[in-house]
Amino acid sequence: MLTKEQPALFSPRPKSFAALMEMYETTYLQLRLLCGDLRILPLESRSYIAGGIPVLLQVVDSSTHTTTLLMTYLFEDQQRDSRPDMLIRVYHDSRQAEVVSHRCRLVDEPIRYWGKDLDTMLLCRWRMNRFLYKWTNYLRRQGHGFH
């Protein structure tokens, strides 16, 4: 029996590996609600809502077990190289989705996670996947969809 002094043994804490895995699962569910069946997406989809910024979703790569998506806003006056891109890998068998790399508006080169120290990599993944989780939730609330 747990007392007030003893924390729950397997309770995921923010910014922990366990919490990151839970976020991957939740993001997968968010993407399913936003896109429908992720295994049969067209190569390119656009979502438009009244008064909103269009969102582009592209299937970059697809296999039996994974699909890699590129998601970005389509600002009217932006060139392809200056859009904020997010590359997302969907794992169909484990029902998870994670950010593989992203490009922010202030930096031209993509930010990649490989080759970083473990703590730095975990925090970086946590931040970017938390952003994807919030972004997909926001897009759904705004009425976006790729069905």
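Helices (H or I, at least four residues) and strands (E, at least two) are DSSP runs, numbered from the N terminus. The structure on display is a predicted model, in which local features need pLDDT of at least 70 and side-chain atom pairs count only at pLDDT 80 or more, while totals for chains, interfaces and linings use all residues. Residues are numbered from 1 along each chain as its sequence is written, and side-chain values use heavy atoms, with hydrogens and water left out.

**The whole chain**

The mean pLDDT is 80, and 71% of the residues reach 70 or more. Confidence is highest in strand 1 (residues 44–47), at a mean of 96, and lowest in strand 6 (residues 111–112), at 54. Select residues 1–12 next: their pLDDT is below 50, and beyond near neighbours in sequence this stretch has six contacts in the model, a contact being heavy atoms within 4.5 Å. Where pLDDT is low, the predicted coordinates should not be read in detail.

Now switch to a cartoon view. The chain has two helices and six strands, in the order α-β-β-β-β-β-β-α along the sequence. Of the contacts with a separation of 6 or more, 48% are between residues 24 or more positions apart. Of the 147 residues, 40% count as buried; buried means under 20% relative accessible area, exposed over 50%, and partly exposed in between (1.4 Å probe, protein chains only).

Select Leu 41, in the loop between helix 1 (17–35) and strand 1. Is this residue buried or exposed? At 13% relative accessibility, Leu 41 counts as buried. Not counting residues up to four places away in sequence, Leu 41 touches Cys 35, Leu 57, Val 59, Leu 69 and Phe 146.

**Strand 1 and its partner**

Continue to strand 1 and show its side chains. In a regular strand the side chains alternate between the two faces of the sheet. Here Ser 45 and Ser 47 form the covered face of strand 1, and Glu 44 and Arg 46 the uncovered one. Strand 1 runs antiparallel to strand 2 (residues 55–62), with four bridges joining them; two strands pair if DSSP finds at least two bridges between them. To locate one of these bridges, select Ser 45 and its partner in strand 2, Leu 57.

Arg 46 is partly exposed at 41% relative accessibility, and Glu 44 is partly exposed at 39%.

**The second salt bridge**

How many salt bridges does a search of the whole structure find? The search finds two. For the other pair, select Arg 125 and Glu 98, whose closest N and O atoms are 3.6 Å apart. Arg 125 lies in helix 2 (residues 118–142) and Glu 98 in strand 5 (residues 96–102), so the pair ties together parts that are 27 residues apart in sequence. Both Arg 125 and Glu 98 are buried.

**Two threonines of strand 3**

Turn to Thr 67, in strand 3. From Leu 41, Thr 67 is 26 residues away in sequence and 9.5 Å away in space, C-alpha to C-alpha. Thr 67 is buried at 2% relative accessibility. Its contacts, leaving aside neighbours within four places in sequence, include Leu 38, Val 59, Ile 88 and His 92. The side chain of Thr 67 makes a polar contact with that of His 92 (2.7 Å); such a contact is a pair of N or O atoms within 3.5 Å, where within protein one must be able to donate a hydrogen and the other to accept it, and residues adjacent in sequence count only if both atoms are side-chain atoms.

Next select Thr 72, also in strand 3 (residues 66–73). Thr 72 is buried, with a relative accessible area of 0%, and its side chain makes a polar contact with the side chain of Asp 85 (3.1 Å).

**Arg 95, a last stop**

Finish at Arg 95, in the loop between strand 4 (85–91) and strand 5. Its phi is near 55°, a positive value in a residue other than glycine. Arg 95 is exposed, with a relative accessible area of 56%.

How values were computed:
pLDDT is the predictor's confidence in each residue, from 0 to 100. A salt bridge is a side-chain nitrogen of Lys or Arg within 4 Å of a carboxyl oxygen of Asp or Glu.
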